[in-house]
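Subject: Structure handover and findings

Dear colleague,

Please find below the structure for your use. My notes on what was found in it follow directly after.

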Amino acid sequence: MLDFGLRPTLETMTRNAWGLSFGSGIRPTEPTPSTRIAEGHHSDLYRFTGPAEDGGTPILLVPPLAAPATCFDLRPGQSLAAHLAAGGRPVYLVDYGEMRYADRGMGFEAWTDDILPRTIETVSAHHSGSPVDVVGWSLGGTLSLLSAAARPDLPIGSIVALGTPIDYTRIPTIAPLRIIGRFTGDRPLTSTTGLLGGLPSPIVQASYRFTALPRELMRPMFIARNLHDTESLAHMESIDRFMGSMPGYPAKFFQQMCAQLILGNSLADGYFDLDGRIVELADIRNRVLLIAGTEDVIAPTASVEAGQTALTGAKELRYDTVPGSHLGIVAGVRSRETTWAQIDGFLAEVSAVPA
């Protein structure tokens, strides 16, 4: 009896259809092995397990708020953490965990004055005072840059900011909010979040899905076309899990973000107000790499490129673009040959040059 190879395909399609509709999914999550080496209030520190380390300087991965730390470890083959650890460098990740009503008073300064400086110093101490190369994605890059500006004494070797917007007037998706804000200020955006203690995770998740509306609309067709392709469906599933686990923003942090970044566009002018203390981006003295995604609607290339005029004091400043969406530049199927290769090259050069 000839089935012309149809039986394996039908079995795969049936298994995938069941996994997506009634089962436990296409594939289980497979996080890169890691060990928690420090625990703190929204500052758990993990170290990833890789092959024998070569004694190079440590790397700290800094996620944004309102996004799970799994952005750096999405799935096998799409894990920046695993890639960096495989290169022999000690790799760490700070995880903020869930934001709750009790955290409503936490603002940017909680990260720039406490969480990130303490984490960077802890990582450095584990390596005899070595400088730490910091890699931040999205607002994680913003927090990394502001921490370096606020604390020039921190043992930071370099900063890589991935998809980190500087000029918010160059982000078309928030243009309506800016227009309304000219007349109303930030109150329509922040009054409700003040009562709730922050921006709840369901709203954050819905907002992120809206920025990827074409993907959401095409999802049923994508599944139908790829029901036989387990790998493609597993990638889709990992992104769905990521978006479904986004935490919220604390109220104060969200208010500062609306007032200073979205409406005030202060970073484009080179500063940020940390509870009455002005921090200047020009005070950053580290080597910095800015990377923008050509398909990123959350941090378009023009918004990231503006960092070249704001970070005037950097010891070395590079800007480059890679193909990919906001998450795609960090954990896309092409990231190994694009973003990760850029990071590898930059960090190798930084390590070869005296601080």
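Thr338 counts as buried in this predicted model, with a relative accessibility of 16%; buried stands for under 20% relative accessible area, exposed for over 50%, and partly exposed for the range in between, with a 1.4 Å probe and protein chains only. Thr338 sits in the loop between helix H13 (328-331) and H14. Helices (H or I, at least four residues) and strands (E, at least two) are DSSP runs, numbered from the N terminus. A polar atom of the Thr338 side chain lies 2.9 Å from the backbone oxygen of Arg334. Apart from neighbours within four places in sequence, Thr338 is in contact with Val322 and Pro323, where contact means heavy atoms within 4.5 Å.

As to conventions, residues are numbered from 1 along each chain as its sequence is written. Local features need pLDDT of at least 70 and side-chain atom pairs count only at pLDDT 80 or more, while totals for chains, interfaces and linings use all residues; side-chain values use heavy atoms, with hydrogens and water left out.

Helix H14 (residues 339-352) has 14 residues, and its first and last C-alpha atoms are 20 Å apart, close to the 20 Å expected at 1.5 Å a residue. The expected span is 1.5 Å times one less than the number of residues. Buried in H14 are Thr339, Trp340, Ile343, Phe346, Leu347 and Val350. Seen down the axis, these buried residues fall within an arc of 130°, so they line one face of the helix; the arc is that of the directions from the helix axis to the C-beta atoms. An α-helix has 3.6 residues a turn, so residues three or four places apart point the same way.

Helix H9 (residues 230-244) also agrees with expectation: its 15 residues should span 21 Å, and its end C-alpha atoms are 21 Å apart. Its buried residues include Leu233, Glu237, Asp240 and Phe242.

The largest nonpolar core has 55 residues, among which Leu60, Tyr96, Phe108, Trp111 and Phe253 touch the most other members. Such a core is a set of buried Ala, Val, Leu, Ile, Met, Phe, Trp, Tyr and Cys residues joined through side-chain atoms within 4.5 Å. Helix H3 (residues 108-125) gives the largest share of this core, 7 residues. Beyond neighbours within four places in sequence, the contacts of Trp111 include Tyr96, Met99, Leu143 and Phe253. A second, separate core of 34 residues includes Cys71, Leu327, Trp340 and Phe346.

Two residues other than glycine deserve a note on phi. Most residues other than glycine have a negative phi. Ala66 has a positive phi of about 60°; this residue lies in the loop between strand S3 (59-62) and helix H2 (80-86) and is buried, at 7% relative accessibility. Ser128 has a positive phi near 55° and lies in the loop between H3 and strand S5 (132-137), but is exposed, with a relative accessible area of 78%.

Gly270, in the loop between helix H10 (251-263) and strand S9 (271-274), is buried at 8% relative accessibility. Its C-alpha atom is 8.7 Å from that of Gly307, 37 residues away along the chain.

For the protein overall, there are 14 helices and 12 strands, and buried residues make up 51% of the 355 residues.

With kind regards

Conventions:
A polar contact is a pair of N or O atoms within 3.5 Å; within protein, one must be able to donate a hydrogen and the other to accept it, and residues adjacent in sequence count only if both atoms are side-chain atoms.
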